[in-house]
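My entries follow in short form.

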Amino acid sequence: MTTRGFTGRRQPPEITDRIPPGQSLTEDFPVLSAGPTPRIRTEDWSFTIKVGPKPVIKWSWSEFNALPQTKFTRDIHCVTAWSKLDTPWQGVLIDDILAQAGLEPPTDFTLAHSYDGYTTNVPAKDLLGGKAMIATHYDGKPLTPDHGGPARLLVPHLYFWKSAKWINGLQFTTRDEPGFWELRGYHIYGDPWREQRYTGD
């Protein structure tokens with residue numbers, strides 16, 4: 001994983017309780033990647049929901065952006081020890097995606113898939129109840145490729161590697177299948193407040 005744009009700062013007392021253990025506050029937005037940044041044209045982008053290996057529904061870019069839009073502001077925390085507060089996002093909540101698909105979560109686990117082959121696992125319960133979205137905008141502007149554009153998964157209450165960039169699908173799985181970083185020693189769940197960075201934490 002590569003990181004650039006991180007400047008750590010001493011934590012002001014009034015926001016200390018918003019910074020998980022072992023993290024440092026940044027006002028930058030560091031760029032992280034496991035490999036080269038793919039460039040996906042919106043006319044080539046699609047998003048698919050699968051149950052096991054079976055595709056259930058697929059949206060094009062225009063169809064996806066016609067789904068109900070939500071804006072929210074959340075703190076985010078990276079396993080590389082930076083935290084950024086009050087980040088503003090816009091996209092489609094996972095709740096609304098499933099509602100549009102007429103689908104109740106059929107299993108307890110999901111695997112997010114990205115255009116570059118990246119995967120990461122997230123329990124279904126951590127995607128529901130307004131906790132997660134497929135984000136298409138950051139700070140009022142379309143999401144740039146460096147930050148996962150045209151769309152990324154956003155699960156802000158977990159370490160940020162769970163918020164898969166360049167997402168193209170969400171797959172319901174019968175077991176908690178490890179993804180790219182989980183297979184390489186990262187924690188299977190990744191709770192920043194419990195410092196679940198690596199296997200055994």
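**Entry 1: H137**

I note at the start that this model is predicted. I began with the neighbours of H137. Leaving out residues up to four places away in sequence, H137 touches P88, W89, Q90, P142 and L143. I then looked up where H137 sits, and found H137 in strand 10, which covers residues 133-138. Is H137 buried or exposed? Its relative accessibility is 19%, and buried means under 20%, so H137 counts as buried. I also checked the side chain. It makes a polar contact with the side chain of T136, at 2.9 Å.

**Entry 2: strands 6 and 7**

P88 in strand 7 is the bridge partner of T73. I looked up how the two strands run. Strand 6 (residues 70-77) and strand 7 (residues 82-93) pair in the antiparallel sense. I noted seven bridges for this pair. The two strands form a hairpin, with four residues between them.

Next I checked the loop between strand 6 and strand 7, where A81 is found. Phi of A81 is positive, near 90°, and A81 is a residue other than glycine. How accessible is A81? The relative accessible area of A81 is 22%, so I wrote down "partly exposed".

**Entry 3: E195**

I found another positive phi at E195, which is not a glycine either. Here phi is about 50°. E195 belongs to the segment after strand 13. Its relative accessibility is 33%, so E195 counts as partly exposed.

**Entry 4: a cis peptide bond**

I looked at the peptide bond from G149 to P150. This bond is cis, and its omega is near 15°. Where does P150 lie? I found P150 in the loop between strand 11 (141-142) and strand 12 (152-154).

**Entry 5: R152**

I moved on to R152, which is found in strand 12. R152 has 2% relative accessibility, so this residue counts as buried. Which residues does R152 touch? Not counting residues up to four places away in sequence, I listed W89, M133, I134, A135, L143, H147, F160, S163, A164, K165, W166 and I167.

I then followed the side chain of R152. It reaches the backbone oxygen of H147 at 2.8 Å. A polar atom of the R152 side chain also lies 2.7 Å from the backbone oxygen of S163. Last, I checked R152 against I167. They are 15 residues apart along the chain, and their C-alpha atoms are separated by 5.0 Å.

**Entry 6: a cavity**

How many cavities of 30 Å³ or more does the structure hold? I noted two. I looked up the second largest cavity, with a volume of about 40 Å³. Its lining is made of I94, L98, P105, T110, A124, L127, L128, L170 and F172. Helix 2 (94-101) and strand 13 (167-173) are the elements that give two or more residues to this lining. I sorted the lining residues by type and got eight nonpolar, one polar and no charged.

Terms used:
Residues numbered from 1 in each chain as written. Predicted model: local features only at pLDDT ≥ 70, side-chain atom pairs only at ≥ 80, totals over all residues. Heavy atoms only, no water. 1 Å grid on protein atoms, 1.4 Å probe; cavity = no way out; pocket = protein on both sides within 12 Å on 5 of 7 lines; lining within 4 Å. Points joined across faces, edges and corners; volume = space filled by probe spheres on them. Nonpolar A, V, L, I, M, F, W, Y, C, P; charged D, E, K, R; others polar. Buried < 20%, exposed > 50% of the residue type's maximum accessible area, 1.4 Å probe, protein only. Polar contact = N/O pair within 3.5 Å; in protein donor to acceptor, adjacent residues only side chain to side chain. Contact = heavy atoms within 4.5 Å. Pairing = 2+ DSSP bridges.
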